[in-house]
Amino acid sequence: MQAGARAMAAHRARTSGAGSGTEPYFGQGVALYVQDISVAFDGFKALNALTLTIGVGELRCIIGPNGAGKTTMMDCITGKTRPDSGRIYFGSNIDLLRLTEPEIAQAGVGRKFQKPTVYEPLDVFENLELALKADRSVRAALRHRLTPAQRDRIDEVLALIHLQHEAQRTAGLLSHGQKQWLEIGMLLMQDPKLLLLDEPVAGMTDEETERTAELFLSLEGRHSLVVVEHDMGFVGLLTQGRKKVTVLHEGSVLAEGLLSEVQADEKVVEVYLGR
């Protein structure tokens, strides 16, 4: 059974007989639907009735000051944090709040944290091999004989993340930017439908930042991407003046629109961009 099907089966099993028995349906064009999510920590509202919709194949940049709720939002989507209220649906009707963290990942939600996490003693190829969409231990995975299709997939991802000439290089010897690309490649080996990327170009050189923008733009359409970022230059490279940007503040959406529109918004200037 496919991983996504397993997660759907788990979802149906958990919701059978509950309420009316009919789950909401948001249409084939919706990858992620977040509705009225609120989270409080010791009286502090990290999220305050946050509502957000991401389309299938969309690349959405999310910006905002520190403490705006960006990380908490991703924690809720991936199951790390359970909201106090609200709903989160993945695809047309998978209720993420009824799934565990592993089930959410199996359903097709991949997350990359700011700091890259790779197997540094192994080479680049072996890191991607370990990330193949299968349930295997490290030892079993490295002894597993790759099929031609699996090898082709690894080669495809190596080219995509600009590491085809570094396949045999120990991951610990890669530059910071290359480690970021490798971790993104490891996520891609899982074939996620939705990628959540937290400040992916932090610490990168200008050249690495431009290559990362090229990578994300090449993924647009095949995957839905949510990019949380503070680097407005990088946001500009990704949006190209024609993609929607969402600004969070105090746990809610403050503004949404083209980058030029939110940069000109007085509320955004006041709380985030500065005068």
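## The buried side of helix α9

In α9 of this predicted model, the buried residues (under 20% relative accessible area with a 1.4 Å probe, protein chains only) are Phe-234, Val-235, Leu-238 and Thr-239. These residues span an arc of only 125 degrees around the axis, taken from the directions between the helix axis and the C-beta atoms, so they lie on the same side of α9. An α-helix has 3.6 residues a turn, so residues three or four places apart point the same way.

One aromatic pair is counted (ring centres of Phe, Tyr or Trp, the last by its six-membered ring, within 6.5 Å). Phe-216 and Phe-234 form this pair, with 6.0 Å from centre to centre and 65 degrees between the planes, which is edge-to-face (over 60 degrees). Because Phe-216 belongs to helix α8 (residues 206-219) and Phe-234 to helix α9 (residues 232-239), the pair ties together parts 18 residues apart in sequence. Both Phe-216 and Phe-234 are buried.

## The chain and the basis of the values

Of its 275 residues, 51% count as buried.

Residues are numbered from 1 along each chain as its sequence is written, and side-chain values use heavy atoms, without hydrogens and water. Local features need pLDDT of at least 70 and side-chain atom pairs count only at pLDDT 80 or more, whereas totals for chains, interfaces and linings use all residues.

Conventions: Phe/Tyr/Trp six-rings, centres within 6.5 Å; stacked < 30°, edge-to-face > 60°. Helix = DSSP H or I, 4+ residues; strand = E, 2+ residues; numbered from the N terminus. Buried < 20%, exposed > 50% of the residue type's maximum accessible area, 1.4 Å probe, protein only.
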